[in-house]
Amino acid sequence: EGGLSEPLTSHESTNLLLPEGNREGASAIMAPSLQAETVTLATAQQVAGAVAHFLSLAVLLVVSIWVFDEGMGGGGLSWKKGDAKRVFNWHPLLMITAFSFMTVASLAFRPSIPRISTFMARSTKKLLHGIEWTVAALSATVGLVAVVQSHNDAASGFIANLYSLHSWVGVFVIAMYLSQFAVGTCAFALDIPSIFTPAVKANVVMVHRFVGQFVYNLTAATILLGIQEKEGFIGCNYTVTKADTFPIQHFFDIPKVCRIGHFIGILVVLTTLCTNFALYSFEKAPHRNR
């Protein structure tokens with residue numbers, strides 16, 4: 001049957017250039033090096049996955065501190081009318097909660113790591129993957145309810161909805177998420193054989209992985225936009241009387257609530273980096289001669 005062949009590894013491509021009698025020796029020399037590189041990358045990815053789990057908990061802890069800071073509308077949480085600023089505080093808390101569960105769900109399989117733990121059946125991993133993404137969806141839904149309620153609170157004063165880039169990108173993320181969730185449920189949870197044949201599922205799973213990682217990364221970007229927008233309302237600037245050529249000396253002139261917000265953003269970036277590194281399929285990338 002016709003089709004594209006798998007990309008050649010470095011020792012395979014080198015062997016094609018050698019006389020037939022010398023190919024076996026070249027493979028014997030290069031194979032251990034490639035194997036060592038694979039093991040090193042696999043270990044690094046396992047570490048990155050563990051760090052991503054830790055960071056997802058850390059960012060959840062820090063955002064909990066953030067929403068209780070006095071600079072966040074007096075600090076604290078509420079669902080009462082007339083207390084819109086505290087109602088809004090549910091939004092960053094629950095969106096970060098959704099992001100943390102998305103991190104754990106994304107790392108449920110880690111297909112790029114050859115030594116995946118064998119104590120858990122794949123069906124169990126699929127179930128946990130679905131539950132974690134469902135919890136993320138529920139957290140995000142309540143977080144959206146909070147921001148809409150806080151903006152439409154007559155007692156606190158109305159605020160426009162969907163006016164910022166953060167909100168526009170957020171709507172796109174939600175649409176992508178719902179599409180991803182629906183396809184994943186139909187193809188892998190309900191497993192409808194008349195529609196999702198083995199051949200179709202083989203293609204769907206590749207698209208599912210791509211879209212899932214795209215949605216995860218875009219969620220991180222949307223969170224960063226949201227932090228920037230909130231800090232714009234708070235006011236993170238400080239007064240200078242001359243050229244600010246050594247801004248680090250003014251670190252503590254930045255309001256504490258803004259420093260916490262910055263730290264949350266850095267944690268989100270690091271979590272996203274570790275998660276993407278843990279998920280990347282290095283062994284599928286073609287090796288090139290140096």
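User: Which pattern does the protein follow along the sequence, and how many helices and strands are there?

Analyst: Reading along the sequence gives α-α-α-α-α-α-α-α. That is eight helices and zero strands, where a helix is a DSSP run of H or I with at least four residues, a strand is a run of E with at least two, and numbering starts from the N terminus. Please keep in mind that this is a predicted model: local features need pLDDT of at least 70, side-chain atom pairs count only at pLDDT 80 or more, and totals for chains, interfaces and linings use all residues. Residues are numbered from 1 along each chain as its sequence is written, and side-chain values use heavy atoms, leaving out hydrogens and water.

User: What describes the packing of two helices, and what are the values for α4 and α7?

Analyst: Two packed helices are described by the angle between their axes and by the distance between the axes. For α4 (residues 90-106) and α7 (residues 198-234), the axes come within 11 Å and cross at roughly 155°. Each axis is a line fitted to C-alpha atoms, for helices over the stretch in contact, and the angle runs from 0 to 180 degrees between N-to-C directions.

User: Why are α4 and α7 called roughly antiparallel?

Analyst: The angle decides: under 35 degrees counts as roughly parallel, over 145 as roughly antiparallel, 65 to 115 as roughly perpendicular, and the rest as oblique. The crossing angle is roughly 155°, and therefore α4 and α7 are roughly antiparallel to each other. Their crossing is also left-handed, a word used if the near helix is turned anticlockwise from the far one by less than a right angle, with clockwise being right-handed.

User: Which residues of α4 and α7 meet?

Analyst: From α4, Met 95, Ile 96, Phe 99, Met 102, Thr 103 and Ser 106 take part, and they meet Val 215, Tyr 216, Thr 219, Ala 220 and Ile 223 of α7. Contact here means heavy atoms within 4.5 Å. Sorted by class, this contact has eight nonpolar, three polar and no charged residues. Nonpolar covers Ala, Val, Leu, Ile, Met, Phe, Trp, Tyr, Cys and Pro, charged covers Asp, Glu, Lys and Arg, and the others, Gly among them, are polar.

User: What makes α7 roughly antiparallel to α8, and how do α6 and α7 pack?

Analyst: α7 and α8 pack at an angle of about 170°, with axes 10 Å apart. That angle makes α7 roughly antiparallel to α8. Their contact divides into 12 nonpolar, nine polar and one charged residue.

α6 and α7 pack at about 155°, their axes being 9 Å apart. These two are therefore roughly antiparallel as well, and α6 passes α7 in a left-handed crossing. Here the contact has 16 nonpolar, nine polar and two charged residues.

User: How do you know that Cys 236 and Cys 258 form a disulfide?

Analyst: A disulfide is a pair of cysteine sulfur atoms within 2.5 Å. For Cys 236 and Cys 258 the S to S distance is 2.0 Å, and a disulfide joins them. By this rule the count is one disulfide. Cys 236 sits in the loop between α7 and α8 (256-279), while Cys 258 is in helix α8, 22 residues apart. With -85° about the S-S bond, the link is left-handed.

User: Are Cys 236 and Cys 258 buried or exposed, and why is Cys 186 called partly exposed?

Analyst: Both Cys 236 and Cys 258 are buried. Buried means under 20% relative accessible area, exposed means over 50%, and partly exposed lies in between (1.4 Å probe, protein chains only). Cys 186 is at 29%, so it counts as partly exposed. Cys 274, at 16%, counts as buried.

User: Why does Asp 83 count as buried?

Analyst: Its relative accessibility is 19%, so Asp 83 counts as buried. Asp 83 lies in the loop between α2 (20-67) and α3 (84-88). Apart from neighbours within four places in sequence, Asp 83 is in contact with Ser 78, Asp 153 and Ser 156.

User: And what makes Glu 229 partly exposed?

Analyst: The relative accessible area of Glu 229 is 21%, so this residue is partly exposed. Glu 229 belongs to helix α7. Beyond neighbours within four places in sequence, Glu 229 is in contact with Tyr 163, Ser 164 and His 166.
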